[in-house]
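Hello,

Here is the structure I said I would pass on.

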Amino acid sequence: MKGIILGCGSSAGVPNLYKQYGNCDEHNPKNNRCRTSFLLEKDGFRLLFDAPPEIRLELKNVGFPKIDSLVFTHLHADHTAGINDLKAFAHQKALPVYLSAAEVENFSRRFYYLISDDKEVDKYSFGFELNTILPMKEFQVGPLKLLPLLQKHGEGQSLGFRVDDFAYSTDLNALPEASFKALKGIKTWVLGCVSVKENEKHLYLAKAMDWIKEIKPERVYFTHMGTTMDYATLCRDLPSFIRPGYDGMIFNI
Ligand SMILES: [Zn+2]
């Protein structure tokens with residue numbers, strides 16, 4: 001498998017309209033972070049995780065790969081606001097979309113005009129075919145077998161995903177015991193870590209390090225990073241098996 005970090009920025013991106021670059025060195029291009037999304041590729045099949053507002057530019061950045069399916073971690077605006085642009089991948093048939101059964105009503109209300117009922121959404125696209133998923137119920141997408149893991153995300157919830165010995169876990173601040181156990185044995189972990197200082201809705205550096213000690217993956221790439229997470233500082237201070245991600249980062253799994 002191959003993983004591509006398309007965007008690794010927190011909900012407002014880096015730089016953002018609150019603090020611009022904050023503690024991040026504005027001269028290092030790796031500190032320019034679009035909102036968080038990820039591409040997982042196996043045997044030419046490409047699964048996209050989330051549809052952030054800059055998805056068009058994030059895909060351009062890595063050579064315009066064609067998307068075969070889309071899965072949502074949750075429906076916050078920084079993970080959904082680019083969804084209209086993905087109609088481009090529903091030319092011949094509807095694009096399969098996977099999301100938590102608990103969020104289907106929310107999705108259908110907000111994006112009713114994109115949902116395919118086997119006819120064209122507009123003359124350019126068939127829109128999206130919705131598929132519901134449940135925590136701890138494995139499902140197959142193309143050649144990929146995904147295990148959704150329930151995550152606590154502030155007052156709400158999100159889903160992480162384990163695929164073989166890889167896991168993608170973003171937008172979370174705590175895990176139910178079953179999800180934590182299900183991460184044991186992974187080798188590669190893309191992990192959301194928003195800041196150096198404490199945060200109520202997301203993992204922050206000290207807590208992420210505690211989890212990494214317990215799960216013991218071989219490699220960790222941080223994503224969903226905000227303005228306190230300077231790329232070069234993290235590279236200097238973290239053990240070499242833990243790296244901050246950057247937009248366009250590609251690695252084998
Ligand atoms: Zn979120």
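Charge first. This is a predicted model, and its protein carries 31 positive and 31 negative side chains. The centres of those two sets are 2 Å apart.

Now the overall build. The protein has 6 helices and 14 strands. The C-alpha trace spans about 55 × 40 × 35 Å along the principal axes.

Burial and surface come next. Of the 253 residues, 54% count as buried. The accessible surface is about 11700 Å². Carbon and sulfur atoms hold 50% of that surface. As for contacts with a separation of 6 or more, 62% of them link residues 24 or more positions apart.

**Strand S8 and its two partners**

Look at strand S8, residues 144-153. How many of its 10 residues are buried? The count is 7, so strand S8 is mostly covered.

On one side of the pairing list is strand S7, residues 139-141. S7 and S8 run antiparallel, joined by 3 bridges. Val141 sits opposite Leu144 of S8. The two strands make a hairpin with 2 residues between them. Gly142 in that hairpin takes a positive phi, near 55°.

The other partner is strand S9, residues 156-163. S8 and S9 are also antiparallel, with 7 bridges. Here Gln151 faces Ser158 in S9. This pair forms a hairpin too, again with 2 residues between the strands. Gly154 lies in the turn, and its phi is positive at about 60°.

**Backbone points to check**

- Val14 and Pro15 are joined by a cis peptide bond, with omega at about -5°. Pro15 belongs to the loop between strand S1 (2-7) and strand S2 (37-42).
- Asp164 is not a glycine, yet its phi is positive, near 55°. Asp164 is in the loop between S9 and strand S10 (166-169). Its relative accessibility is 48%, so Asp164 counts as partly exposed.
- His224 is not a glycine either, and its phi is positive at about 55°. His224 lies in the loop between strand S12 (219-223) and helix H6 (231-237).

Is His224 buried or exposed? Its relative accessibility is 1%. The cut-off for buried is under 20%, so His224 counts as buried.

Asn61 is part of helix H1, residues 55-61. At 48% relative accessibility, Asn61 counts as partly exposed. Which residues does Asn61 contact, leaving aside neighbours within four places in sequence? Those residues are Asp247 and Gly248. Asn61 and Asp247 are 186 residues apart along the chain. Their C-alpha atoms are separated by 8.2 Å.

Best wishes

How values were computed. Residues numbered from 1 in each chain as written. Predicted model: local features only at pLDDT ≥ 70, side-chain atom pairs only at ≥ 80, totals over all residues. Heavy atoms only, no water. Helix = DSSP H or I, 4+ residues; strand = E, 2+ residues; numbered from the N terminus. Buried < 20%, exposed > 50% of the residue type's maximum accessible area, 1.4 Å probe, protein only. Contact = heavy atoms within 4.5 Å. Areas by Shrake-Rupley, 256 points an atom, 1.4 Å probe, with all protein chains shown as cover. Lys, Arg positive; Asp, Glu negative; His and termini not counted. Charge placed at Lys NZ, Arg CZ, Asp CG, Glu CD. Pairing = 2+ DSSP bridges.
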